[in-house]
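Please read this note with the sequence and the model open beside it. The points below take up charged pairs, the ligand and some features of the backbone.

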Amino acid sequence: MANKRAIKRGSPTSVVAVFPGSFDPLTNGHVDIIDRSVTIFGRVVVGVLNNASKSSLFTDQERVELIKRQVASYRGRVTVVSFSGLLVDFVKRVDSRVVIRGLRAISDFDYEAEMALINRKLSPDVETFFLAAREENSYISSTVVKQVALLGGDVSDMVPPVVERALRQKWKAKQSESRRTAR
Ligand code: ADP
């Protein structure tokens, strides 16, 4: 009886899953992966990669802050942490052994499979789980979102409102910057 209750559909387990990425910025695709991971694993740590060599639109702190605002309603079941260095080391630091990655298309697969294999080589205990993107999110990437938003396009269907507002501010800042340099 107790077992039956434990495996009841939708009942969260207590496994901590790590969802790592650049999140520059968070998109509806990411949000969907977080939502679904919480349902399956119960607790999710969003690991925001602080990659000094990759030039990002949003600073490390801004990316963390935007995700924190978006996941506030989970009341502690989703935490957001910035990290640098090896993913497997970060996963162990937060007492996890599960990595979540989203797959949009076959084109994502080669890179993702390679990373999963490397991570298994570095740490055989760490398992990578892939969640297929929802069809409506499969064309969304942070790169496309940035390109459209910085040209003044509408990205309201691609990102949560908190990110849309932040992108509008970046666009305005970029416009005043180009006006200043044109003088
Ligand atoms: P990274 O630089 O590590 O790929 P991203 O922020 O681009 O960081 O992506 C983080 C994770 O989210 C990756 O697993 C990626 O495949 C997944 N992802 C990105 N966009 C989407 C989307 N539209 N739908 C589902 N998953 C996505």
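Predicted model: local features only at pLDDT ≥ 70, side-chain atom pairs only at ≥ 80, totals over all residues.

1. A salt bridge here is a side-chain nitrogen of Lys or Arg within 4 Å of a carboxyl oxygen of Asp or Glu. Asp108 and Arg104 form such a pair, with their closest N and O atoms 3.1 Å apart. Asp108 is buried, having a relative accessible area of 14%, whereas Arg104, at 38%, is partly exposed.

2. In total, the structure contains eight salt bridges.

3. Where do Arg36 and Asp32 lie? Both belong to helix 2, which comprises residues 28-41. Arg36 is partly exposed, with a relative accessible area of 22%, while Asp32 is buried, with a relative accessibility of 9%. The pair also belongs to a network of salt bridges that links Asp32, Arg36 and Arg134.

4. A further salt bridge joins the side chains of Glu62 and Lys170, at 3.1 Å from N to O. Glu62 is in helix 3 (residues 60-70) and Lys170 is in helix 7 (residues 161-182), so this pair ties together parts that are 108 residues apart in sequence. Glu62 is partly exposed at a relative accessible area of 29%. Lys170 is likewise classed as partly exposed, at 21%. The cut-off for buried is under 20% relative accessible area, and therefore Lys170, with its 21%, is not counted as buried.

5. The ligand sits in the largest pocket. Which residues come nearest to the ligand? Of the 16 residues around the ligand, these are Ser22, Phe23, Gly102, Asn137 and Ile140. Strand 1 (15-21), helix 2 and strand 4 (98-103) each contribute at least two residues to the shell around the ligand.

6. A polar side-chain atom of Ser22 is 2.8 Å from an oxygen atom of the ligand, and one of His30 is 3.1 Å from an oxygen atom of the ligand. For Asn137, a backbone N or O atom lies 2.8 Å from a nitrogen atom of the ligand. On its own the ligand has 550 Å² of accessible area, of which the protein covers 89%.

7. The loop between strand 1 and helix 2 deserves attention. Phe23 lies in this loop and has a positive phi of about 50 degrees although it is not a glycine. Phe23 counts as buried, at 3% relative accessibility, and is among the residues that come nearest to the ligand. Pro25 is found in the loop as well. The peptide bond from Asp24 to Pro25 is cis, with omega near 0 degrees.

8. A positive phi is also found at Arg75, where the angle is near 45 degrees in a residue other than glycine. Arg75 is located in the loop between helix 3 and strand 3 (78-83). Is Arg75 buried or exposed? With a relative accessibility of 76%, Arg75 counts as exposed, whereas Phe23, at 3%, counts as buried.

Notes:
Residues numbered from 1 in each chain as written. Heavy atoms only, no water. Helix = DSSP H or I, 4+ residues; strand = E, 2+ residues; numbered from the N terminus. Buried < 20%, exposed > 50% of the residue type's maximum accessible area, 1.4 Å probe, protein only. Near = heavy atom within 4 Å. Polar contact = N/O pair within 3.5 Å; in protein donor to acceptor, adjacent residues only side chain to side chain. Areas by Shrake-Rupley, 256 points an atom, 1.4 Å probe, with all protein chains shown as cover. 1 Å grid on protein atoms, 1.4 Å probe; cavity = no way out; pocket = protein on both sides within 12 Å on 5 of 7 lines; lining within 4 Å. Sits in = over half its atoms within 2 Å of the grid points.
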